Amino acid sequence: MSNCKTHKTCINEALKKAETICNEKGVKLTKLRQTVLKLIWKSHNYVKAYDLLDELKKIDDSAKPPTIYRSLDFLIENGFIHKIQSLNAYVGCSHPQEHKECYFLICDSCQNIEECCSEQINKVVISTTGKNHFELNQVTLEISGTCQDCTN
Ligand SMILES: [Zn+2]
Ligand SMILES: [Zn+2]
Ligand SMILES: [Zn+2]
């Protein structure tokens, strides 16, 4: 379960943001990329590439795995979606390009993903990596458990 009220707004905003960013960058949000983004935004749950392919095939039966992966790469590169490494799955980002540090709360029972940021975690990560003389690029934390809706 997600805590948004009207999910349609989430989808529309995500698409609008993606379009604006693409225009600013001078890259093209093709029909296919837009469709894949919309499919990912169907909910706040994570999706697997093969599920996306199944959905896409309903629209275009010539869709093949490379079609999906190319679009996913584009969407990740531009920050519109995130890859959840531990699950090999994807989820839409509601604040593309705002920051590079986030952590994900992944519910094991309803598969909802909440994206959060924490200054505190960032500070710890920066000081810890600094001690190891490690120059960090991106911080992504994936935390699995049970969300509030599912514990109630
Ligand atoms: Zn929503
Ligand atoms: Zn994000
Ligand atoms: Zn849940």
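Just after helix α4, G79 adopts a positive phi of about 80°. Helices here are DSSP runs of H or I with at least four residues, and strands are runs of E with at least two, numbered from the N terminus. Please bear in mind that this is a predicted model, in which local features need pLDDT of at least 70, side-chain atom pairs count only at pLDDT 80 or more, and totals for chains, interfaces and linings use all residues. Residues are numbered from 1 along each chain as its sequence is written, chains are lettered from A and ligands numbered from 1 in the order in which they are written, and side-chain values use heavy atoms, with hydrogens and water left out.

Let me stay with α4. This helix covers residues 65–77 and reaches 18 Å from its first C-alpha to its last, close to the 18 Å expected at 1.5 Å a residue; the expected span is 1.5 Å times one less than the number of residues. T67, I68, S71, L72, F74 and L75 are buried in α4. Buried means under 20% relative accessible area, exposed over 50%, and partly exposed in between, with a 1.4 Å probe and protein chains only. Down the axis of α4, the buried residues fall within an arc of 160°, so they line one face of the helix; the arc is that of the directions from the helix axis to the C-beta atoms. The face turned away from that buried side carries the exposed residues R70 and E77.

I turn now to the metal sites. Donors are N, O and S atoms within 2.8 Å of the metal, or 3.2 Å for Na, K and Ca; water is not among the atoms, so sites may look incomplete. The zinc ion (ligand 3) is coordinated at 2.3 Å by the SG atoms of C107, C110, C147 and C150. Its site is tetrahedral, with angles of 106 to 114° among the 4 donor atoms. Four donors count as tetrahedral if all angles lie between 85 and 135 degrees; four count as square planar and six as octahedral if opposite donors are over 155 degrees apart and all others between 65 and 115; anything else is irregular. C147 is buried at 17% relative accessibility, whereas C150 is partly exposed at 30%.

What is the site of the zinc ion (ligand 2) like? That site is irregular, with angles of 54 to 149°. C93 lies in the loop between β2 and β3, and E115 in strand β4, so the pair ties together parts that are 22 residues apart in sequence.
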